[in-house]
Amino acid sequence: MKNIFLASATAIIILSACNRQSTAHDTTADTNLATDTLKYEKKSEIFETTIIADYPTDNNSIVANSVREFISEELGGTYNGPLENGDSLIKTYGEKIFSTNVEDLKDYCGESTGTNFSTCEIKKGDETKKYVTYIVSQSNYMGGAHGMYSDKGVTFRKTDGRRFGYSVMKSTQLTEFNELLKEGLRDYFSEYKGEPINDEELNEELIVCDDLENLPRPVSEPYITAKGVTFIYQPYEISYYAAGAPTFTVPYSKIKPFLMTSGRSYFD
């Protein structure tokens, strides 16, 4: 039953009644996506939630609308009101997730279950004249030994709002691409363990793959940061919970051969 509640909390993660403040921008402000930070917090004796979102405010921007739709989809995808009204959107999702989880907790555990929580942050990350990246961090605790969390990034092309991802990549089934994944994982676990590791030691860290020459791609789409293209595996996706979310960034010079022309447009 706990797993059901974890899935419920993560799937609809929330926001409601908003506090607002302007976000900081880069020096090239005229090319940046204008946003306000919307924040919602609500708490009862058995459940509390916090959501923070950098919500686009430019009604004439193509990419702004794409980001708004993305935020709505991350929070459940059921909002029917105008996307320009971030306050309304956030409040709608916030009230739904809060009430749903409180009722579920009462039905399962009665009135006294301790403090359970769900949080979601949807924040603007790296940005250039070509693209803007958003980082989504979610966490929740609904009883048990530990809570659950997830992190991912999404990059939008500014000209049309198209999202970067596997759809603009090619040849990801080749040995050369697998080597990038293996190198990135080896670097991550070397840092995690505090010393360099070899392939045999890397294999011992993985729980869903015993063939380093056929590593699975992360389920979450790759996204762009200032250092290149970032890949992230969620907790339990490829390794143990204690190992966190294995994450690594491939420099543009190395990932470029695996990008279609549309994928290179985010950089060139």
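**Starting with one lysine**

Modeller: K158 is buried, its relative accessible area being 15%; buried means under 20%, exposed over 50% and partly exposed in between, with a 1.4 Å probe and protein chains only.

Colleague: Okay, and where is K158 placed?

Modeller: K158 lies in the loop between strand 6 (148-157) and helix 4 (175-193). Helices (H or I, at least four residues) and strands (E, at least two) are DSSP runs, numbered from the N terminus.

Colleague: Which side chain does K158 make a polar contact with?

Modeller: That's E127, at 2.8 Å. A polar contact is a pair of N or O atoms within 3.5 Å; within protein, one must be able to donate a hydrogen and the other to accept it, and residues adjacent in sequence count only if both atoms are side-chain atoms.

Colleague: What should I know about the model itself?

Modeller: It's a predicted model, where local features need pLDDT of at least 70 and side-chain atom pairs count only at pLDDT 80 or more, while totals for chains, interfaces and linings use all residues. Residues are numbered from 1 along each chain as its sequence is written, and side-chain values use heavy atoms, leaving out hydrogens and water.

Colleague: What's the mean pLDDT of the protein chain?

Modeller: The mean is 86, and 86% of the residues reach 70 or more; pLDDT is the predictor's confidence in each residue, from 0 to 100. Over residues 1-29, though, pLDDT stays under 50.

Colleague: New topic: how many helices and strands are there?

Modeller: The protein chain has 7 helices and 9 strands. A hairpin links strand 2 to strand 3 through 3 residues.

Key: Pairing = 2+ DSSP bridges. Contact = heavy atoms within 4.5 Å.
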